[in-house]
Amino acid sequence: MDYKQTAARVLELVGGRENIITAAHCATRLRLVLHDESKVDQAALEDLDGVSGAFSSSGQYQIIFGTGTVNKVFAEFAPLAGVKLDGEEPLDVKKAASQKLNPFARLARSLSNVFVPLIPAIVAAGLLMGLLGMIKAFGWVSGDSAIVQLLDMFSSSAFIILPILIGFSAAREFGANPYLGAVIGGIMTHPSLLNPWTLGNSEPEVMHFLGMNIELIGYQGTVFPVLLTVWVMAKIEQQVRKRTPETLDLLVTPFVTILVTGFLALIVIGPIGTLLGKGISFVLVFFYEQFSVVAGLLFGGLYSTIVITGMHHSFHAIEAGLLADKSIGKNFLLPIWSMANVAQGGAGLAVYFMTKNVKLKALALPSAFSAFLGITEPVIYGVNLRLGKPFIGGAIGGAIGGGYVVLTQVAANAYGLTGIPMIAIVAPLGASNLINYLVGFAIAVATAFVSTVILMRLDVRKQKQTDLAA
């Protein structure tokens with residue numbers, strides 16, 4: 001493959017250098033923000049050597065090359081397009097892309113940008129909780145041993161300081177100073193405030209301030225209170241900075257921002273955010289418990305369609321809220337999403353066995369296995385969505401698999417992993433949890449495979465009847 005020639009051809013097919021606002025790449029895709037996407041010759045792009053698929057999503061036109069290949073293509077593409085050769089999705093790409101989104105998609109994108117960087121910390125905490133649970137369950141050491149106490153500290157720390165982590169990440173996303181965001185998170189988890197994560201049944205002290213009674217309760221292990229507070233903080237910081245002379249900015253802006261936001265956090269925004277978080281959790285638990293299998297069928301069947309809209313990015317915030325809520329403490333949504341993802345892989349596998357198109361066959365197999373590892377874009381956009389019927393077959397498999405994992409109450413103790421890697425955050429919750437997850441995995445893949453084969457054969461039969469009638 002001639003990477004320079006491929007890059008030049010891509011540039012030509014997306015409308016030339018003048019049509020590019022900015023460009024970057026992720027692990028598998030070339031991500032372009034274009035002035036006018038109608039100038040793209042998608043059919044020619046998808047026929048280009050090395051291209052697994054192309055699609056528009058989240059304000060970006062994305063071209064799938066695959067791991068490793070995309071880096072080499074981008075290295076040749078960047079100088080031709082006049083963009084910086086500096087790796088993965090810089091801030092200007094995110095801003096340019098978000099400006100092209102509708103408000104709901106922009107909100108989903110922002111929530112994704114806040115919570116995706118936290119995934120390693122949450123996954124580590126989940127695995128440590130699983131290890132601690134195994135040690136206690138099998139009685140490997142006494143309950144008051146040093147290793148148990150240390151693992152308890154290690155596993156709970158990420159959730160105790162979660163508002164600080166969210167504060168830093170959210171401030172960076174909202175255009176504020178991330179360290180001020182971390183300070184706000186620190187205020188909301190201050191040791192002077194009752195820690196509901198460890199002392200949930202205790203009564204907090206009440207402070208009397210300007211005729212108001214303020215409960216001195218902390219926000220350890222919460223999501224929405226600090227998220228809303230830092231959003232308000234970002235607006236305050238921007239307005240203060242705009243009105244402050246540059247010579248005084250370093251002194252005045254941080255001081256006023258923290259002072260005003262701190263009061264608002266403990267008096268107004270924190271309690272409102274807590275009610276919002278509890279409300280969302282209540283609704284989800286209600287649907288999960290009352291509608292059970294029906295909820296799994298519905299969510300599992302529709303999830304891949306939601307992925308196409310980009311709205312799935314907002315789910316990380318909801319999943320983090322479920323994990324942080326001591327009364328729930330587990331993620332029952334992720335297994336459903338996982339079933340939808342692996343089902344699309346099963347549909348892609350069916351395409352591999354059914355198609356006679358050499359290029360499509362070469363694309364379908366690695367794309368299907370990529371979906372089994374939790375990366376669905378290649379199989380959805382490169383195979384299933386292009387053919388139509390396999391995408392429907394994948395949705396059927398996702399629905400059946402989703403119904404099964406809800407019926408058997410499969411859950412995870414983290415978020416961010418699906419498919420085979422998700423085993424790591426399912427296994428710590430027990431052997432039956434793991435077994436039912438694997439059974440659901442097999443059901444989703446098998447159902448999607450069979451459904452796709454049937455739908456494709458019906459399509460071929462219908463085409464033959466049409467040809468005979470003609």
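**Ground rules.** I am working on a predicted model, where local features need pLDDT of at least 70 and side-chain atom pairs count only at pLDDT 80 or more, while totals for chains, interfaces and linings use all residues. Residues are numbered from 1 along each chain as its sequence is written, and side-chain values use heavy atoms, with hydrogens and water left out.

**Whole protein.** I counted 18 helices and six strands, where helices (H or I, at least four residues) and strands (E, at least two) are DSSP runs numbered from the N terminus. The radius of gyration is 25 Å, close to the 23 Å from the globule rule for 470 residues, so the protein is as compact as a globular protein of that length. For the record, that radius is taken over C-alpha atoms, and the rule is 2.2 Å times the number of residues to the power 0.38. The C-alpha box, along the principal axes, is roughly 85 × 60 × 40 Å. Buried residues make up 50% of the 470.

I also checked contacts (heavy atoms within 4.5 Å). Of those between residues at least 6 apart in sequence, 71% join residues at least 24 apart. The accessible surface (Shrake-Rupley, 1.4 Å probe) comes to about 22200 Å², with 65% belonging to carbon and sulfur atoms.

**S292, again.** I went back to it for the backbone: S292 is not a glycine, yet its phi is positive, about 40 degrees. It sits in helix 11, residues 249-309.

**Helix 16.** Of the 19 residues, 14 are buried, so I noted the helix as mostly covered.

**Past helix 16.** Just after the helix I found Q409 with a positive phi of about 55 degrees, though Q409 is not a glycine. Q409 lies in the loop between helix 16 and helix 17 and, at 51% relative accessibility, counts as exposed.

N413 is found in the loop between helix 16 and helix 17 (423-426). Is N413 buried or exposed? At 5% relative accessibility, N413 counts as buried. Not counting residues up to four places away in sequence, N413 touches G126, L127, M129, G130, L323, I425, P428 and L429.

**L127.** I followed that list to L127, in helix 6 (residues 119-138). L127 is partly exposed at 37% relative accessible area. Beyond neighbours within four places, L127 is in contact with N413, A424 and I425. L127 and V426 are 299 residues apart in sequence but 9.2 Å apart in space, C-alpha to C-alpha.

**L13.** Last stop was helix 1 (residues 3-13), where L13 sits. L13 is buried, with a relative accessible area of 6%. Which residues does L13 contact, leaving aside neighbours within four places in sequence? My list reads K39, V40, D41, A44 and L45.

Note on methods: Buried means under 20% relative accessible area, exposed over 50%, partly exposed in between (1.4 Å probe, protein chains only).
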